[in-house]
Amino acid sequence: MREKIEYALVKLLLGMAKVLPKALIYSIMKALTLLVYRLDAKRRMLTIRNLAMAFPEKTEQEIEALSQEVYVELSKTISEILLMFVGRFDIDKAVINKDEAAKRLAGIAQQSPNGVIVVTAHFSNWELAAHFLAKHGLPMLAIGRKGNNQLIDRNITVPFRNKYGNKATSKGNAMIAMAKRLKSGEAVGLLIDQKSGDQNSAKVDFFGMPAETTLSVAMLKLKFDPTVVPIFIAREADGRYRMIIDEPVDYTAEEIESKEKKMEAMTAKYTQAIERVVREYPSQWFWMHNRWRR
């Protein structure tokens, strides 16, 4: 019964997204996220604490203002994902450097006979980034957590994520599915910016603090030698987006003898790419997550 009620509520929300003026959707989501900011003290204080640890040079007032910006940016992402669900958001028009990015993606795909691993993060509108990549020549096997509501997952979330050729799969089946994909010279996408709870992880530096991070990318790099490329999408001041496609990270830590230490060093290298983009656009990362939990 709970699943059916939640499913009905999501369907109602998507129905509203079909008919309400876009500006009103943005305003409603902004008001709701700022309400959550005020009411959910635990999550608010976690956001503030994370920001204060990451940016010790900022004053308390600057940190508090930035924490509110984080929620406002999230409200924009939620609004745009809703509009994407109902076909009211043109992802090509939204990306400032569309042609340049599409050309880069095509080149990466053509020059990667051993497949591609896209390293990314819960940054800005990461769903838009995944759609754009698939639409412009780099469809991926996207690894994510299985939703708590099977009705929503099966009928709404998975079809949405698969729209342009991506294929969503759960973490439980991830390693075998990724190996098959890379063997076929195709692409996989991994968000590696949240705390990893499995044994295949290590603590690497992130904003000067040890953060538990999955070793999956390094393991796959050592075994299959795919192209590993960090890719993000950043929201600019005018509300449009810029695709950020880094140079491939061709780092295998060959001078390190221990396989475990080698994978740890490689994972630290991939994590540095995430830190660089988060430092440039600090309000667009998901700071509400307990990333440095010990």
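**Close-up 1. A pocket of about 150 Å³.** The second largest pocket holds about 150 Å³ of space, and, like everything in these views, it comes from a predicted model. What lines the second largest pocket? Look for Leu 32, Thr 33, Val 36, Asp 40, Arg 43, Tyr 71, Leu 74, Ile 78 and Met 288.

**Close-up 2. Who supplies the lining, and what is it like?** Two helices to pick out here are α2 (22-39) and α4 (60-85), and each gives at least two residues to the lining of the second largest pocket. Sort the lining residues by class and you get six nonpolar, one polar and two charged.

**Close-up 3. Strand β2, mostly under cover.** Zoom in on β2, which spans residues 140-144.

**Close-up 4. Strand β2 and its partners.** β2 pairs with strand β4 (residues 187-191) through three bridges, and the two run parallel. To spot one of these contacts, find Ala 142: its bridge partner in β4 is Gly 189. β2 is also joined to strand β3 (residues 167-170), this time by four bridges, and again the strands run parallel. Here, Leu 141 sits opposite Lys 167 of β3.

**Close-up 5. From strand to helix to strand.** Which elements make up the β-α-β unit with β2? They are β2 itself, helix α8 (residues 150-161) and β3, and the unit is right-handed.

Conventions. Residues numbered from 1 in each chain as written. Predicted model: local features only at pLDDT ≥ 70, side-chain atom pairs only at ≥ 80, totals over all residues. Heavy atoms only, no water. 1 Å grid on protein atoms, 1.4 Å probe; cavity = no way out; pocket = protein on both sides within 12 Å on 5 of 7 lines; lining within 4 Å. Points joined across faces, edges and corners; volume = space filled by probe spheres on them. Nonpolar A, V, L, I, M, F, W, Y, C, P; charged D, E, K, R; others polar. Buried < 20%, exposed > 50% of the residue type's maximum accessible area, 1.4 Å probe, protein only. Pairing = 2+ DSSP bridges. Right-handed = clockwise from strand over helix to strand, strands pointing away.
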